[in-house]
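Hi everyone, thanks for coming.

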Amino acid sequence: MPENINSSLVLKVIWMTHFILTSWALFGGWLPTAYFYTHLAVLAFGFWAIVSNESVDAALMFLVTLLFSVINDILCLSLYEPRGYNTFQPIGGSLRNEYRFALGMAITNLLLKPVTAFFLVRIYKSRSLGTDFNSGIPGFVGVGGSNVDSKQETVGPYARPPEHYPYQEPPTYQQTPGTDAP
């Protein structure tokens, strides 16, 4: 696994994952058109974020529409799932299987959105601050974490001192004979 994953690659994986899951969720035909149009907007802003790889606005709009789609998905699933269940479950056969598959993909898509939002926040911060995508979170080397071997490692607002400042031991204080130790 490479130590420096490009934010463009992360965006492409996010976009493709949500594209596939959205298209599979629409197989059943029981979700409303609001589900389709919301995800179409999310995918459009995601495409914009991929194409404009330095645009802060594109990353922000992708994040905002994704967060709105979480609310919309919850509403669509809670309002339309019982209707789909009552329509397709008694029929049996392939229609019931299509309904179950589409429901599973819609739920999977919804469950992956917080993970996606985490990565989009990281991409938005890296674009707005002009920093590397892989700086700031220790322990996740290559996936939004800091590279331990990096010479430009930062921890919070403090940067590692440059290499030309040698490390100096702090002065040690020795007791002289005849003084009382505390």
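Let's begin with a term: buried means under 20% relative accessible area, exposed means over 50%, and partly exposed is in between, using a 1.4 Å probe and protein chains only. At 36% relative accessibility, Trp24 therefore counts as partly exposed. Trp24 sits in helix H1; helices here are DSSP runs of H or I with at least four residues, numbered from the N terminus.

A word on the background. This is a predicted model, where local features need pLDDT of at least 70 and side-chain atom pairs count only at pLDDT 80 or more, while totals for chains, interfaces and linings use all residues. Residues are numbered from 1 along each chain as its sequence is written, and side-chain values use heavy atoms, leaving out hydrogens and water.

Now, which residues make the nonpolar surface patch? They are Met16, Phe19, Ile20, Trp24, Phe27 and Phe101, covering about 540 Å². Such a patch takes residues with over 30% relative accessible area and no salt bridge, with nonpolar side chains joined within 5 Å. A salt bridge would be a side-chain nitrogen of Lys or Arg within 4 Å of a carboxyl oxygen of Asp or Glu. Areas come from the Shrake-Rupley method with a 1.4 Å probe. Helix H1, residues 7-25, gives the most to this patch, with four residues.

On to the rings. Rings of Phe, Tyr and Trp (its six-membered ring) pair if their centres lie within 6.5 Å; planes under 30 degrees apart count as stacked, over 60 as edge-to-face, and the rest as tilted. By this rule there are nine aromatic pairs. Take Trp15 and Phe19: their ring centres are 5.3 Å apart and their planes are at 5 degrees, so the pair is stacked. Those two are four residues apart in helix H1, so about one helical turn separates them. Is Trp15 buried or exposed? At 19% relative accessibility, Trp15 counts as buried, whereas Phe19, at 38%, is partly exposed.

Phe27 and Phe101 are stacked too, because their centres are 6.0 Å apart and their planes are at 25 degrees. Phe27 is partly exposed at 49%, and Phe101 is partly exposed at 35%.

Finally, ring pairs link Trp15, Phe19 and Phe47 into a cluster.

How values were computed
Patches are made of residues with over 30% relative accessible area and no salt bridge: like charges are joined within 9 Å, nonpolar side chains (Val, Leu, Ile, Met, Phe, Trp, Tyr) within 5 Å.
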